[in-house]
Amino acid sequence: MPLHRWLRSAAALYALPVMGVYLYLLLSGELQNIADNWRDATVVATSSGVMALGPTCAAVGAWEGARLRRGGVLDGTPVRRPAAVLLWSALPIGAAAVAVLAFAFALVTPEVGGIPGAPDPPVVAVGLLVIGAWSLAGVAAGRFLHPAIGVPLLLIGTWLWLAYPQALEPLWIRHLTGENLGTCCSTDTVLDRRVLWAQALVAAAVAVVAYLVWSRGFRPIAVKAAVVAVPAAALVVAVSLVDGLGADSDRPRTGGLECVREQGVEVCVWRERRARLGYAARLVVPASRRLAVAIGMPAPRRITEGAARDRESWHFTVAPQAGDDDVVFALATGFLPPASPPCAKDREFDGDAAYVPVGTWLAIKAGLPRAVVAAKTGPMENGDAVTRVLARPRADQIRWFRRNLAALRSCDIRPVDVE
Amino acid sequence: MDLWTRVHQVARTALTMGCTVVLVALAGESAVPAPSLVRGALIGTPIALALPLAAAAVLIRAATAGPAVLEDVAVRPARLYGAVLVAAACGGVLAAGVVLTWGGLQPLGFAAARNLLGLTGLALIGNRAHGRAAATVLPTAYLFLTLMVRHGAGPMPPWLWPLADSSDVAAAVTAAVAFACGLVLHLRARHRPGGD
Amino acid sequence: MPISFISCAFGYRRGSPVFTDLSFRLPEGRTVLLGPNGAGKSTLLGLAASLHFPSAGAVAYKGLDPRRRRDRASYRRLVGWMPQDIRPVPGLTVREQIGYAGWLKGMSRREAWRRSADALDAVALGPLAGRRCGQLSGGQLRRVGLAQALVHDAEVILLDEPTAGLDPGQRERFRQVVTRLGGRHLVVSTHQTEDLGDLYESVVVLDGGTVKYAGSTAEFLALSGDRVPSAEASYALLVAGEA
């Protein structure tokens, strides 16, 4: 049968504009928030795609399944296997989903167009698998449900599954749906692959159950058992993969650095920022030497956006649009811990009071003018702590720095001279 | 009459209405994030306001079930019976919603019942326009459209009635008008060739 | 006094009328309605059954016009109808479905239940009374449809393709049912013409929304002009485009 004949009566064709508009509504507000890497862009695009297409494709599937039932297609002893009939019936839906997802990537590409990299294939594949699974579930459900019930049920039910878990605890539930919270990764993090495996398992279980119900109906005991057992088994494995993950599904990135040697120091940035590598190196190497003198440490042999694994490695970041001052400031504040220590959740922790003064002092010692530092950390008065510390001898400043840096990392050490 | 109640799934409808009331009560003010075009952000949407869509689907299915060709040439007023079923089901849920809200058990109880009324009305209008297979397309699309164009908390314009709280009089009136229109169209409908 | 169509116009879609100005009276007694597919036979029966209302003109029986609300219930009580498409009602047994049809036609529950047994016997479905309608074969379902039309003792009975899917034994049974319907007007739409002369007193031939012939069976058969009268030959002469 000519393809256009097949498509003419496909509900997916008529739902395609709705899917496209819904995706645009979801995605358009997120475009300016995409981080400077393709991983985040991929997750933003597929997340919007899953949210827009999952419920709509499931509902369209319910309509198509009911249409086939009313037409007596399944009673006509077809030569083709049930899987073939199911997949061909879902093909227009799949084609619509691919088209809309391509539209999503067309929207995100300008935001990350100049950045090295490409869409993350596993993320795209899992997104399509999730959408496909719910489409098949809709077609299978449509075989048994009147469309007046099946269409809204699949639309609302799928939407609830994709959207509601974000608000639930335990936190691992949100990692099973395929929606990925609408965003993923800053440039120094990656999506935890266990999340993708878990989502793929759940989606595959939905697809298997859909096929069994479609081909055998609900009557055989084996099907009834499979409808329970297959998703249960998939959930058990999936939960074991994502249990322990917190609210977010990203983890620190370990690879993908590009490096250059500048005045004997290796400077490394993430490959997405390689265009700024030379520029960053020329700024951070002299700044690091000034800092080394100020804090009484050897100058670093390596300055990296990745993890600083030893005392000779220092950490910094080159954010997109960062200027000279921003780069040096990032180097200076790279000494500060990114978060309070774990003990701060359960005990009194005074170290936070040292955060701004230590950061201010480091930035000034790295060579930034006071006015620039004040614009970032707050005005410095004549009587405030940093001004007083800067007036002291070098040895005193080093002791002050080391004591307060330790206070930032421990609940047992109180900061000194930070008020 | 007992055959009519079986053909039109009265028991299942009553059970569904009961379960809907219970779920609305249990849902409290739990919300699901849904995108808003106007706000450009996800806004929490109370589940209790979306649940009535499923109940409306079951109700419209029950009201339009049965052999249409026989009922359309019946001596007995089969359409009137269907309308009475719809009115009774919605009335029962409305009463329960009032109790939930005034009793302080679920502030959105009346709003959920109002939504059942309005969405059922839209389903009846959809049934008249597109036949019983596509009856729920209209209320489903309407509910999702309202989700996407709302601002968030605060006074709602009347046409965003599915998202208004229980004290919103304009929303209640709008839903009631939709319900009344749907009932009138249902009672005046003629036979639709092709059945389902 | 049979059902009359008075300047009736009707179409399912704007711009595609089935009838434009049908003025015609269904004959009394047993009448067979012939015509090619798409001629309007089922639509004609639907109008007579008050399933549809004409967009112009009127349908009347005994002075009752079903378009008038005050006449509708009385009209429908007098007219029984078997549609072309019989669907099982989910959850009902055979007898319950027939009883439901009788109740819809204004019979009391008790009377409808009692008469459903008679209707079942008339179509030889008694042994299947307790079976779910969804489990019936196509031919059995058509007999349920026939029983639905017979249950409430209508004066005019309209049957659309009642013998489609029936085996020869069941068709013979149908002929016996028809023969026993004394005192009632019967209109049967069918494509089976082998026992035209024995069973029906009148023939109506419809083609393209127009009545091509309405008269006695004997005159219809004589149209062919052959020594051995042939319904097929007479039909072919009347219907456009056939040799």
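**Exercise 1. In which helix is the place of Gly94(A)? Work out its surroundings as well.**

Solution. Gly94(A) sits in helix α4 of chain A, residues 82-112, where helices (H or I, at least four residues) and strands (E, at least two) are DSSP runs numbered from the N terminus. The model is a predicted one, in which local features need pLDDT of at least 70, side-chain atom pairs count only at pLDDT 80 or more, and totals for chains, interfaces and linings use all residues. Residues are numbered from 1 along each chain as its sequence is written, while chains are lettered from A and ligands numbered from 1 in the order in which they are written.

The next step is burial, for which a residue is buried if 20 or more other C-beta atoms, placed from the backbone, lie within 10 Å of its own, exposed if 12 or fewer, and partly exposed in between. With 17 other C-beta atoms within 10 Å, Gly94(A) is partly exposed. Leaving out residues up to four places away in sequence, Gly94(A) touches Gly132(A) and Ser135(A), a contact being a pair of residues whose C-beta atoms, placed from the backbone, lie within 7 Å.

**Exercise 2. Describe how α11(A) and α12(A) pack.**

Solution. Begin with the geometry: helix α11 (residues 355-365) and helix α12 (residues 370-377) of chain A pack at an angle of about 150°, and their axes are 10 Å apart. Axes here are lines fitted to C-alpha atoms, for helices over the stretch in contact, and angles run from 0 to 180 degrees between N-to-C directions. Angles under 35 degrees count as roughly parallel, over 145 as roughly antiparallel, 65 to 115 as roughly perpendicular and the rest as oblique; α11(A) and α12(A) are therefore roughly antiparallel to each other.

Then list the residues: Val356(A), Gly359(A), Thr360(A), Ala363(A) and Ile364(A) in α11(A) meet Arg370(A), Val373(A) and Thr377(A) in α12(A). By class, this contact divides into 4 nonpolar, 3 polar and 1 charged residues, with Ala, Val, Leu, Ile, Met, Phe, Trp, Tyr, Cys and Pro counted as nonpolar, Asp, Glu, Lys and Arg as charged, and the others, Gly among them, as polar.

**Exercise 3. Characterise the fold of chain B.**

Solution. The secondary structure of chain B comes to 9 helices and 2 strands, and from the N terminus on its elements run α-α-β-β-α-α-α-α-α-α-α. The radius of gyration of chain B, taken over C-alpha atoms, is 17 Å, close to the 16 Å that the globule rule gives for 196 residues, so chain B is as compact as a globular protein of that length; the rule is 2.2 Å times the number of residues to the power 0.38. Of the 196 residues of chain B, 54% count as buried.

Technical notes
Contact = placed C-beta atoms within 7 Å.
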